[in-house]
Amino acid sequence: MSSSKQTSQKSAPSRSWLSRFLIKFVALVAGLGLCGVLLGTLALALAWPNLPDLSAMIDYRPRVPLRIYSADQVLIGEFGEERRNILRFDEIPDIMKSAILAAEDDRFYQHGGIDWAGVLRAALANTIKMSKTQGASTITMQVARNFYLSSEKTYTRKFYELLLTFKIEATLSKDEILDLYMNQIFLGHRAYGFAAASRAYFGKQLGEITAAEAAMLAGIPKAPSRFNPISNFSRAKSRQAYVLGRMRSLGYLTEDEFQRATAQEIVIKSSPGTPTGRYTVHGEYPAELARQLLYGVYQDDIYSRGFNIYTTIDSKGQEAAYQSLREGVLDYTRRSPYPGPEETIPLPANIENQPEALNTLLDELQEKYPDNGDLLTGIVLSASPTEVKIARSATEIIAVTDKRALRIVARGLTPKASAKVRIQRGSVVYVHQHPEYWELLNKPTVQAALVSLRAQDGAIQTMVGGFDFEEGKFNRVTQAWRQPGSAFKPFIYASALERGLTPATQISDEPFSLTAEQTGSKPWNPKNYGRSYEPMLTMRQGLYKSKNMVSIRIMQAVGPKYVQDYVTRFGFDRSRQPAVLPLALGAGSVTPLQLAGGFTVFANGGYRVPPYLIDHVTDSSGKVIMRARPTIAGDVAARAIDPRTVYVMNDLMRGVATYGTGARVHRELKRDDIGGKTGTTNDSQDAWFAGFNPKLVAVAWMGYDQPRSLGQSETGGGAALPIWLGYMKEALADQPQIPPGPMPSGLNRIDGDFYFSEFPPGTAVARVGLPAPGDAFSPTTPDGIGDLLNQLSGGTATDNADAAQPATTHPVKVPF
């Protein structure tokens, strides 16, 4: 008995200590819990008033977007919410509602906005598989995110999403929430809402779809850019099978209905007149420019008033221009050194035999490296000098085996390849379907632009402002100020014709230089391409061969100030064309559109016709509220240069396109009515080709946004001319040749060449930069031809593939 008391006495302090510990622990937990509740209440009190007002959601009304069309009424752009296919809840078929609930939120009508059971289920699945394979986002949460919130992955955004979810659930009925979701969710390819998607993908009204089609549409929201049937039909089918299985298990489909739906063939067919997400014409750049122009007048009203802009774009030519530019850039990429894959990631062993894991990985890569038109993202499974296997999905494995394709990336397949360049298992790459084989290419970093104008009134026929509009909306046709190089020489030559030179004028092609004393800074020693020189060339031969020395001496003869004044007649900015000798080599700045506008003066007989894009604008009722009034060639007030100058320059530039640096034009197009000029700037940083016939002018450019060399062997004729040719082959395919018109009054042809009546042989300038007999210039040449004061400043540009040396100089007086 005493022993028992003794034991009891010993254990009492132990129990007392444990009790005190438990009490303190409970108190601590309760205190922390109370603090958490207080902090949560405070956060809620602060955040709740900042939540968006739901009036815009409750008053959700269809708004007619701004639509932009080509001249032949092909839709090329839409701006504003896609709400033209809004349906009432009772108009949406039950099979579509069932498919959505099965795919996205089968407990939608049971939970209060957050499906806690789904959260636990997803967390457990993700923990077991050690990756994010399931999500727990409800339909209400998606509505909150899509209407009001960004998609950024931050805790603050997620917190606001949860609060807004509760607010939506407290304000709207379940049917209203589901109605909003089904009418506003993005479903890929610019389709918003299931009614719009049904028309875009199946060419039918939503009320006409089958269970199989409903399941395919319901599978899209998980990843709209990748699970839609246009972008990736196999993935869309895989997702459809999952949704159909869920519909059967939830009782939305009987076994027979499930079997029929599974067996149904899905036919992709877009409704006429819909963008289908992917417009039939790639007119993103002109559509965006048209939007900007109208926005300057009506501001935000343009997005809801149902305006229709009808542009001057030719839809067939626009698509040809887009395809030609893309191919020109890819062709340059093929011949450039392969820089290596986008990145290389650790690829789990045997993942190719785990379809779900591989597809999940590829989905994540698509977020970071999305497909770019016909450049498709994939991951390398194996690589050797003779074969590269690339996975696009678990069921689409591409083998690159053609020697021509492997040659492009050979430097990445050698054992000694650097880590940056090496292609190996886990490398993220882009593949491209060549007409004859698959090829592996890096995503291009070079850019290009192509624009064409109708010569008679300046109407913009095509406009492609870069390789990929989605990469950035910077329009290089209108916004990129670049040196034109030798593409500017025709304007220099035209000024010389009006100052007494002729195509037969003999001009020195010997090296030209100025000392440091003459420039006031560094010596200037411009070069001909290949450092090839001839004692003398006629002005015609100098243009055909694009000789820098000839252009410089013409500039000296005419006078830089006169040239600066003269080129403004073509629409060039005086401030961007300095009155200095390097202007002879195209050292000023132009945009592709401005250069094309300048060449229209040659094409249309000598009239300045400012380019324009918008023909007319209508309101939602079809009433015309704006109409262009373009300047038309033939208007006396628009006369820019002497018609005789036009006639002679066209003859010279047709020679360039037949015998000179642009001779490929005649070889491939087999036409005699095309003139043009190549151009390459210093160190081959810009490549140009400008060409025209009497009806159409087009200019192509290639270069890097941050100027750097395209490569020593790259020229206007090799880089830009193929882009121009690809477009013009289509544009002129059914157009008859246009012979030269009659010679203008006051122009004579003597001994095979042209002379203005006031500058006949013996009076016209016969020699420039050449020694006696006599002076280089006739004493009867016009005022200014003997001006001894020329300015020289700034760096230089080269002509077509010609390498002039840069010189930083100060304005000085230079002897003639």
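Let's start with two helices that meet: α18, covering residues 489–497, packs against α22, covering residues 560–567, at an angle of about 110°, and their axes are 10 Å apart. Angles from 65 to 115 degrees count as roughly perpendicular, and therefore α18 and α22 are roughly perpendicular to each other. On the α18 side, the contact is made by Phe 491, Ile 492, Ala 494 and Ser 495, while α22 brings in Tyr 562, Val 563, Tyr 566 and Val 567. Sort these residues by class and you get seven nonpolar, one polar and no charged residues. Keep in mind as you look around that this is a predicted model.

Now try another pair of helices. Helix α3 (residues 94–104) packs with helix α7 (residues 174–184) at an angle of about 90°, with 12 Å between their axes. So α3 and α7 are roughly perpendicular to each other too. Who makes this contact? From α3 come Met 96, Lys 97, Ile 100 and Glu 104, and from α7 come Leu 178, Tyr 181 and Met 182. By class, the contact of α3 with α7 has five nonpolar, no polar and two charged residues.

Helix α14 runs over residues 315–335, which makes 21 residues, and it reaches 31 Å from its first C-alpha to its last. That is close to the 30 Å expected at 1.5 Å a residue. Is α14 mostly covered or mostly uncovered? It is mostly covered, with 16 of its 21 residues buried.

Time for the strands. Five of them form an open sheet in the order β2-β1-β3-β14-β15, and the pairing is mixed. At the edges you'll find β2 (75–79) and β15 (624–627), and each pairs on one side only. Going from one strand to the next, the twist averages 15°. Zoom in on β1 (residues 66–69): four bridges join it to β2, and the two run antiparallel.

Strand β10 (residues 447–454) pairs with β11 in the antiparallel sense over four bridges. In that pairing, Val 451 has Met 463 of β11 as its bridge partner.

Finally, visit two loops. Ser 546 lies in the loop between α20 (539–545) and α21 (548–558), and it has a positive phi of about 55° although it is not a glycine. Lys 670 sits in the loop between α25 (664–669) and β16 (675–680), and Lys 670 also has a positive phi of about 55° without being a glycine.

Terms used:
Residues are numbered from 1 along each chain as its sequence is written. This is a predicted model: local features need pLDDT of at least 70, side-chain atom pairs count only at pLDDT 80 or more; totals for chains, interfaces and linings use all residues. Side-chain values use heavy atoms; hydrogens and water are left out. The expected span of a helix is 1.5 Å times one less than its number of residues. Buried means under 20% relative accessible area, exposed over 50%, partly exposed in between (1.4 Å probe, protein chains only). Axes are lines fitted to C-alpha atoms, for helices over the stretch in contact, and angles run from 0 to 180 degrees between N-to-C directions. Angles under 35 degrees count as roughly parallel, over 145 as roughly antiparallel, 65 to 115 as roughly perpendicular and the rest as oblique. Contact means heavy atoms within 4.5 Å. Ala, Val, Leu, Ile, Met, Phe, Trp, Tyr, Cys and Pro count as nonpolar, Asp, Glu, Lys and Arg as charged, and the others, Gly among them, as polar. Two strands pair if DSSP finds at least two bridges between them.
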